Amino acid sequence: MDPTSKNAAPQDRRYAVGLMSGTSVDGIDAALIEIREGAASERPEVRLIAFENTPYPAEARDEIFALFDPSRATVDRLGLLNVWLGELYAEAALSVIGSAGMAPEDVAVIGSHGQTIYHAPEPQRADGYDLRFTVQIGEGAVIAARTGIPCVSDFRPADMAEQGQGAPLVPFTEYLLYREERRTLLLQNIGGIGNVTVLPAGGGPERVYAFDTGPGNMLIDGVVAALYPGMTMDAGGAIAAGGSVDGPLLDRLRQEPYYALPWPKSTGRERFGAAYVAELLRYREERGMSPADLVATVTRLTAWSIGDAYRRWIRDRDPAELLIVGGGGSYNPVLLRFLKQEMEPMGVRVATQEEVGHHSDAKEAIAFALLADYAIAGRPNNLPAVTGARRPAVLGKISYAYRE
């Protein structure tokens, strides 16, 4: 970035906005952060200035869900939604900046994760090449043009070009902000998909590992939306609390091959989306299960998948003392109760982000603000040990807005 730009801030203090929209499609998270210490600092000091969540307009949300189906994601619909989301993201960025009493020229960079439409991290052979691809939309050029702030977007492809999974990306910032010398920590996000980051006590970045544990809220939201018209989630776990876990179904769901795959690995709607939910609904009808029992069962599955990941891949290598839960699932007390039943017998205490002094809703938006700060400085911002990439890479495509 041109150091004479009006968006250039002193290296010991600068401001960035992060934008995040996850697989649950519940809205746009926007976080404005202050970053202190120089760009070369090993461990930046980050402070959350303001946070907002802006729900998607109903028609935009419906269109996003429609395009999760590749047969409906025609190039014209995808192209239109790409710029539409760019407009919505720009408005969210300007809103969070304004809520803090600041102006766009005070902000050095925006980092936008975008909305994932399709993610295919496993190589597909074509013309002698192993091809990996991913589609996140929300045009960065539109965000930059509307705000006047450089925008970093489309973070995943650079990691995948180095033969990585392109996910998870947040562990890079978790290492910077959460690591401890004496305790091994687990950071579990429960969004649409669940993912865990392992921060070994006193370890360097090469010792960090992370992977998607399986479904987070995705199956819960999917069956609730299908069985309870007008609802999109099990708010407060109220439905699951009124149901009972179906043991035979839970045993059947535990056989999903994804859980046994070694890391690095990532997943999404391609595996746990509409087709998976449809199978659950068919099973419920055939067995005469109550809707509440199905919701309770998939809630228990999410907790089990997190415990299974710890038992299978982490416990013998890096026994942990604390699992910190973030994401929408951290607000579901039934899910948290099931998770404690999984983890605490293994000696792992479960706490939410708020209980350890952080902000669950803002966490991933903060991460993309910090990832963008690294990208704009041309600094590597992936963890090859996490994604499986061959080497470090600078993730993100930068869009600038020209100003006289």
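Student: In the open sheet of five strands, what is the order of the strands, and what kind of pairing do they have?

Tutor: Please keep in mind that this is a predicted model. The strands of the open sheet follow the order 10-9-8-11-12, and their pairing is mixed. At the edges stand strand 10, covering residues 209-215, and strand 12, covering 349-352; each of these pairs on one side only. Between neighbouring strands of the sheet the average turn is 25°, with direction ignored. In general, the strands of a sheet pair through backbone hydrogen bonds, which may be parallel or antiparallel in arrangement. Within this sheet, strand 8 (residues 185-190) and strand 9 (residues 193-199) run antiparallel and are joined by six bridges.

Helix 1 spans residues 58-67, and its buried residues are Ala-60, Glu-63, Ile-64, Ala-66 and Leu-67. Viewed down the axis of helix 1, these buried residues fall within an arc of 160°, and therefore they line one face of the helix. As a general rule, an α-helix has 3.6 residues a turn, so residues three or four places apart point the same way. The buried residues of helix 1 pack against helix 2 (75-99) and strand 5 (115-126), whereas Ala-58 and Asp-62, on the other side of helix 1, are exposed.

Terms used: Residues numbered from 1 in each chain as written. Predicted model: local features only at pLDDT ≥ 70, side-chain atom pairs only at ≥ 80, totals over all residues. Heavy atoms only, no water. Pairing = 2+ DSSP bridges. Helix = DSSP H or I, 4+ residues; strand = E, 2+ residues; numbered from the N terminus. Axes fitted to C-alpha atoms, helices over the stretch in contact; angles between N-to-C directions. Buried < 20%, exposed > 50% of the residue type's maximum accessible area, 1.4 Å probe, protein only. Arc of directions from axis to C-beta. Contact = heavy atoms within 4.5 Å.
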